[in-house]
Amino acid sequence: MLTESTLDPATAVYDATVLAGEPWIHEIRAGQTLRILDLEGNQAADTLFYNAHDYEDRYSAQDTIRDQGNIYLTTGSRLQSLKGHTLLTITADTCGRHDTLGGACATESNMVRYALETRHMHACRQSFVKAIAGWGRGLDKRDIGHNINFFMNVPVTAEGRLTFEDGVSAPGKYVEMRAEMDVLALISNCPQLNNPCNAYNPTPIRVSIWD
Ligand SMILES: [Zn+2]
């Protein structure tokens, strides 16, 4: 569902550009709003959320899908945690559809899906591990669960197959969500070069936070 934001970029309390292939980790307090902006279009932002006070209580794709009765995320989607909390609610979305089925890329899945020669290519899972190692507050590799792929187009066919398709996003499209509790956000700005999730050209995203 396409919904514009009423927030003024000039009043954001935090702004950062996350370069292609880089991770970003940041706490968002209850009541704050996070915007992820697709600066150049068709960029996948692989994202994990945690209860900021209990990292074992993290984003759950299956609880979110069951709760809303829909496999795509957009305005109104309540992002659920493993322990039954609503972490965030999507409040604005100019892209219209976000994936939470396709998973984050890893060197292992790249080798299985594409070619053994992709082994040395950077992948989201490495960005996640790099970011939590730097964060250094008890998050571990095993805390990397299923994720959201903002702006990524992973339609399900009539036969129930998942396909990675050319993006539905475009330069300047954004998604915005209100934190319903204190959350930790972890983004890998996807470096993938083997499927069209980034239009084969990873580009920067912008993250902004409002009080
Ligand atoms: Zn990726």
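So, Arg-35 first: with 9% relative accessibility, Arg-35 counts as buried, where buried means under 20% relative accessible area, exposed over 50%, and partly exposed in between, using a 1.4 Å probe and protein chains only. Quick word on what we're looking at: this is a predicted model, where local features need pLDDT of at least 70, side-chain atom pairs count only at pLDDT 80 or more, and totals for chains, interfaces and linings use all residues. Residues are numbered from 1 along each chain as its sequence is written, and side-chain values use heavy atoms, with hydrogens and water left out.

Okay, which side chain does Arg-35 meet in a salt bridge? That's Glu-176, at 2.7 Å, N to O. By salt bridge I mean a side-chain nitrogen of Lys or Arg within 4 Å of a carboxyl oxygen of Asp or Glu. This pair links distant parts of the chain: Arg-35 sits in strand β3 and Glu-176 in strand β9, residues 173-179, 141 residues apart. Strands here are DSSP runs (E, at least two residues), helices likewise (H or I, at least four), numbered from the N terminus. Glu-176 is buried too, at 3% relative accessible area.

The structure holds 10 salt bridges, so let me show you a couple of others. Arg-29 and Asp-211 pair up at 3.6 Å, N to O. Arg-29 is in the loop between β2 and β3, Asp-211 in the segment after β11, 182 residues apart. Both of these are exposed.

Then there's Glu-22 with Lys-130, at 3.7 Å, N to O. Glu-22 lies in the loop between β1 and β2, and Lys-130 is in helix α3, 108 residues apart. Glu-22 counts as partly exposed, at 35% relative accessibility.
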